[in-house]
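Subject: Structure handover

Hi,

Here is the structure for you to look through. Please open it first, then read my notes below.

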Amino acid sequence: MTFTYPAVFTPHEDGKGYHAVFPDLECCEADGPDLEDTIENARDAACNWITVEMDEFDSDLPFSTHVEDMDQYDTILLGYPNWWASIPMPVASFLEEYDFSGKTIIPFCSHGGGRFGQSLTAITKLVPDALLGEGLAVSYSGGSSLSNDVTAWLDENNLPLN
Ligand SMILES: Cc1cc2nc3c(=O)[nH]c(=O)nc-3n(C[C@H](O)[C@H](O)[C@H](O)COP(=O)(O)O)c2cc1C
């Protein structure tokens, strides 16, 4: 049996390791010294959480986070990290889940030097009937021009800040 729940990973404040939470699974959390171990620990924590819940007499597994009414959105700002020169699998699943025909998708991507990689092609293949806005690729380290770059990018997409 396969269960899919989104996990959120944040770096520890002291810069050593990561913390993971599953927004849909109450109090299901994990930590680790690096991303790889944290992912492993988070997977174990989620497996335990689900096993305990399923052992309950009246077990009630929560639904995975889902956009209730995608029809109300015309423009989607799609943020993701460049992974292996493309979009991460959960982002691909998100694009496959809804009908984006006629909507505008504006991608922004953090990267370690590879900018968008092949991610724009991957997005276009998954949602051929959506329009792709002017994207923004940001090096992970940010940089002093970041806020100007973001403002210019929002302007280019007619999404001024205010
Ligand atoms: C599994 C994995 C694959 C990655 N592949 C690439 C890559 O192909 N090109 C690139 O420029 N950066 C790559 N990176 C670096 C990430 O893009 C970078 O760490 C990320 O944008 C930073 O955001 P984050 O702290 O939210 O992960 C990769 C990172 C990970 C974890």
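T10 stands opposite H19 in β2. Strand β2 covers residues 18–21, and four bridges join β1 to β2. The two strands run antiparallel. Strands here are DSSP runs of E with at least two residues, helices are runs of H or I with at least four, and both are numbered from the N terminus. Two strands count as paired if DSSP finds at least two bridges between them.

Before you go on: this is a predicted model, where local features need pLDDT of at least 70, side-chain atom pairs count only at pLDDT 80 or more, and totals for chains, interfaces and linings use all residues. Residues are numbered from 1 along each chain as its sequence is written.

Back to the sheet. It is open, has three strands in the order β1-β2-β3, and pairs them antiparallel. Which strands stand at the edges? They are β1 (8–11) and β3 (29–32). Each has a single partner strand, so one side of each is left without a neighbour in the sheet. Neighbouring strands are turned by 20° against each other on average, direction ignored.

Helix α1 (residues 35–55) lies across β1, β2 and β3. Its direction is about 155° to β3. Axes are lines fitted to C-alpha atoms, for helices over the stretch in contact, and angles run from 0 to 180 degrees between N-to-C directions. Contact means C-beta atoms, placed from the backbone, within 7 Å.

Now the whole chain. It has four helices and seven strands. From the N terminus, the elements run β-β-β-α-β-α-β-α-β-β-α. The domain assignment (automatic or from a database) gives domain 1 (8–55) and domain 2 (70–156). Their centres, taken over C-alpha atoms, are 26 Å apart.

Next, the ligand. How many residues surround the ligand? There are 12, and the closest are P81, S110, H111, G112 and G114. A residue counts here if its C-beta atom, placed from the backbone, lies within 6 Å.

Last, confidence. pLDDT is the predictor's confidence in each residue, from 0 to 100. The chain's mean is 89, and 95% of its residues reach 70 or more. Among the elements, helix α4 (residues 146–156) has the lowest mean, 84. Helix α3 (residues 119–126) has the highest, 98.

Best wishes

Methods. Two residues are in contact if their C-beta atoms, placed from the backbone, lie within 7 Å.
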